[in-house]
Amino acid sequence: MWKIAIFLVGISRFILPFNIFSHPIFSSIASGFLDYTDCYLAFRAGFKWQQYHLYDKVMDYWWYIFIFLYSWNTEIRIVILILFVYRSIGQMVALITGNEKIFLYFPNVLEKYFFLYVISGIFPQTRNFFQGYNIIIPLFISFVLGIHGEYMIHIQKSSLFKKGAFHKFHKWTLHGHYS
């Protein structure tokens with residue numbers, strides 16, 4: 001059952017980015033949800049941490065490519081290009097070295113910044129935050145959220161999972177196995 005669930009989430013993570021062009025807010029929210037969900041499903045399906053981590057980074061990168069493509073004809077294209085290259089370098093170094101702590105130096109600012117941009121479409125008065133020197137504000141917010149997320153996921157391994165029913169899951173994220 002868990003293998004079917006992770007397979008369906010994987011298919012969804014592959015197909016979902018195509019919706020970014022017509023539904024960027026929904027696609028961003030759904031992508032984040034699926035990204036967080038598949039970790040637990042992979043654990044329950046018996047994946048080794050290293051297997052899951054590689055799968056997750058490939059799926060993340062697939063999503064980043066679509067963020068880049070969507071943003072190319074917007075006023076944020078240069079910022080997105082820089083964040084895309086920055087995150088790409090971090091992902092490559094982390095995958096080659098196997099050192100997850102690298103993500104602390106290359107946090108996922110790209111997704112956070114993009115999400116802030118697409119939700120600013122709901123509130124037109126906030127669009128000016130993505131022009132001129134105002135971009136510092138959403139970049140700062142995105143950087144803080146990115147660093148916090150990377151710390152919780154790759155350094156602390158989220159204290160939420162350290163006790164109770166998720167204890168084995170926490171050990172899996174720390175050591176790559178749950179025996």
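Which helix holds Asp35? Asp35 sits in helix H2, residues 24–45. The model is predicted: local features need pLDDT of at least 70, side-chain atom pairs count only at pLDDT 80 or more, and totals for chains, interfaces and linings use all residues. Residues are numbered from 1 along each chain as its sequence is written, and side-chain values use heavy atoms, with hydrogens and water left out.

**View 1. Overview of the chain.** The chain has seven helices and zero strands. Helices (H or I, at least four residues) and strands (E, at least two) are DSSP runs numbered from the N terminus. Of the 179 residues, 41% are buried; buried means under 20% relative accessible area, exposed over 50%, and partly exposed in between (1.4 Å probe, protein chains only).

View 2. Side chains of opposite charge can pair when their charged atoms come close. A salt bridge here is a side-chain nitrogen of Lys or Arg within 4 Å of a carboxyl oxygen of Asp or Glu. The structure holds eight salt bridges. One of them joins the side chains of Asp35 and Arg13 at 3.4 Å, N to O. Because Asp35 belongs to helix H2 and Arg13 to helix H1, this pair ties together parts that are 22 residues apart in sequence. Asp35 counts as buried at 14% relative accessibility, and Arg13 counts as buried at 6%. Arg13 also meets the side chain of Asp60 in a salt bridge, at 2.5 Å, N to O. Asp60 lies in helix H3, so the pair with Arg13 in helix H1 ties together parts 47 residues apart in sequence. Beyond residues up to four places away in sequence, Asp35 touches Arg13, Tyr52, Asp56 and Asp60, where contact means heavy atoms within 4.5 Å.

**View 3. The pair Arg87 and Glu150.** Arg87 and Glu150 form a salt bridge whose closest N and O atoms are 2.9 Å apart. Arg87 is in helix H4 and Glu150 in helix H6 (residues 136–155), so the pair ties together parts 63 residues apart in sequence. Both Arg87 and Glu150 are buried.

**View 4. The largest nonpolar core.** A nonpolar core is a set of buried Ala, Val, Leu, Ile, Met, Phe, Trp, Tyr and Cys residues joined through side-chain atoms within 4.5 Å. The largest has 18 residues, and Ile67, Ile80, Leu110 and Tyr113 have the most contacts inside it. Helix H3 (49–71), helix H4 (77–97) and H5 each supply at least two residues of this core. H5 gives the most, with six residues. Setting aside neighbours within four places in sequence, Ile80 is in contact with Ile67, Phe68, Ser71, Leu110, Tyr113 and Phe114.

**View 5. Ser120 in helix H5.** Ser120 lies in helix H5, residues 109–120. Ser120 is buried, with a relative accessible area of 3%. A polar atom of the Ser120 side chain lies 2.5 Å from the backbone oxygen of Tyr117. Apart from neighbours within four places in sequence, Ser120 is in contact with Thr126, Arg127 and Phe130.

Methods: A polar contact is a pair of N or O atoms within 3.5 Å; within protein, one must be able to donate a hydrogen and the other to accept it, and residues adjacent in sequence count only if both atoms are side-chain atoms.
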